[in-house]
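My notes follow, in the order I looked things up.

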Amino acid sequence: MTAHEEMLAAAKTLVRTKGRNEFSPKELIEVLKKSGSTYKVSTIYPEMLRCCINCPREGETPHDYFKRIKTGKYQLIEDLKK
């Protein structure tokens, strides 16, 4: 699974577990580590920006999974039933 696919799955898990559609990069990284992800933190942070609709993305292929709602807090924008 690619980094962005793992991040999406981790975000869905977080939102379901918390019962609230809000998470931090730190929480996302914790879920990724617990799930056995082999991606480094240095890969995850830039990938998170690439997956965020309202973050700077210069020339990368975007994946519109998240929306930054305030500094350090993100929201899943994809339908959780998928």
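**Helix 2 against helix 3**

I started here: helix 2 crosses helix 3 in a right-handed sense. Helices here are DSSP runs of H or I with at least four residues, strands are E runs of at least two, and both are numbered from the N terminus.

Before going further I noted that this is a predicted model, where local features need pLDDT of at least 70 and side-chain atom pairs count only at pLDDT 80 or more, while totals for chains, interfaces and linings use all residues. Residues are numbered from 1 along each chain as its sequence is written, and side-chain values use heavy atoms, with hydrogens and water left out.

Two packed helices are described by the angle between their axes and the distance between the axes. I then looked up both for this pair: helix 2 (residues 25-34) and helix 3 (residues 41-50) pack at about 130°, and their axes are 11 Å apart. That angle makes helix 2 oblique to helix 3. The axes are lines fitted to C-alpha atoms, for helices over the stretch in contact, and the angles run from 0 to 180 degrees between N-to-C directions. For the wording, under 35 degrees is roughly parallel, over 145 roughly antiparallel, 65 to 115 roughly perpendicular, and the rest oblique.

Which residues make the contact? From helix 2 I listed Pro25, Leu28, Ile29, Leu32 and Lys33, and from helix 3 Val41, Ile44, Tyr45 and Met48. Contact means heavy atoms within 4.5 Å. The residues of this contact of helix 2 with helix 3 split into eight nonpolar, no polar and one charged. Nonpolar covers Ala, Val, Leu, Ile, Met, Phe, Trp, Tyr, Cys and Pro; charged covers Asp, Glu, Lys and Arg; the others, Gly among them, are polar.

**Helix 1 and its two partners**

Next I took helix 1 (residues 3-18) with helix 2: the axes come within 9 Å and cross at roughly 105°. That makes helix 1 roughly perpendicular to helix 2. On the helix 1 side I found Glu6, Met7, Ala10, Ala11, Thr13, Leu14 and Lys18, meeting Glu27, Leu28, Val31 and Leu32 of helix 2. I get seven nonpolar, one polar and three charged for the contact of helix 1 with helix 2.

Helix 1 also packs on helix 3, at an angle of about 80° with the axes 10 Å apart. So these two are roughly perpendicular to each other as well. Ala3, His4 and Met7 of helix 1 touch Thr43, Ile44, Glu47 and Met48 of helix 3. The contact of helix 1 with helix 3 has four nonpolar, two polar and one charged.

Ala3 is part of helix 1 and is buried at 9% relative accessible area. Buried means under 20%, exposed over 50%, and partly exposed in between, with a 1.4 Å probe and protein chains only. Leaving aside neighbours within four places in sequence, Ala3 contacts Tyr39, Thr43 and Glu47.

Leu8, also in helix 1, is buried at 11%. Not counting residues up to four places away in sequence, Leu8 touches Tyr65, Phe66, Leu76 and Glu78. I also checked Leu8 against Arg68: 60 residues apart in sequence, and 14 Å apart in space from C-alpha to C-alpha.

Phe66 sits in strand 1 (residues 66-70). Is it buried or exposed? Phe66 counts as buried, with 0% relative accessibility. Beyond its neighbours within four places in sequence, Phe66 has contacts that include Met7, Leu8, Phe23, Met48, Cys51 and Tyr74.

Glu78 lies in the segment after strand 2 (73-76). Setting aside residues up to four places away in sequence, Glu78 touches Leu8, Lys12 and Tyr65.

**Cysteines**

Last, I looked for disulfides, taken as pairs of cysteine sulfur atoms within 2.5 Å. The count is zero. For Cys51 the nearest cysteine sulfur belongs to Cys52, 8.7 Å away. Cys51 is buried at 0% relative accessibility, and Cys55 is buried at 8%.

Conventions
Left-handed = near helix turned anticlockwise from the far one by under 90°.
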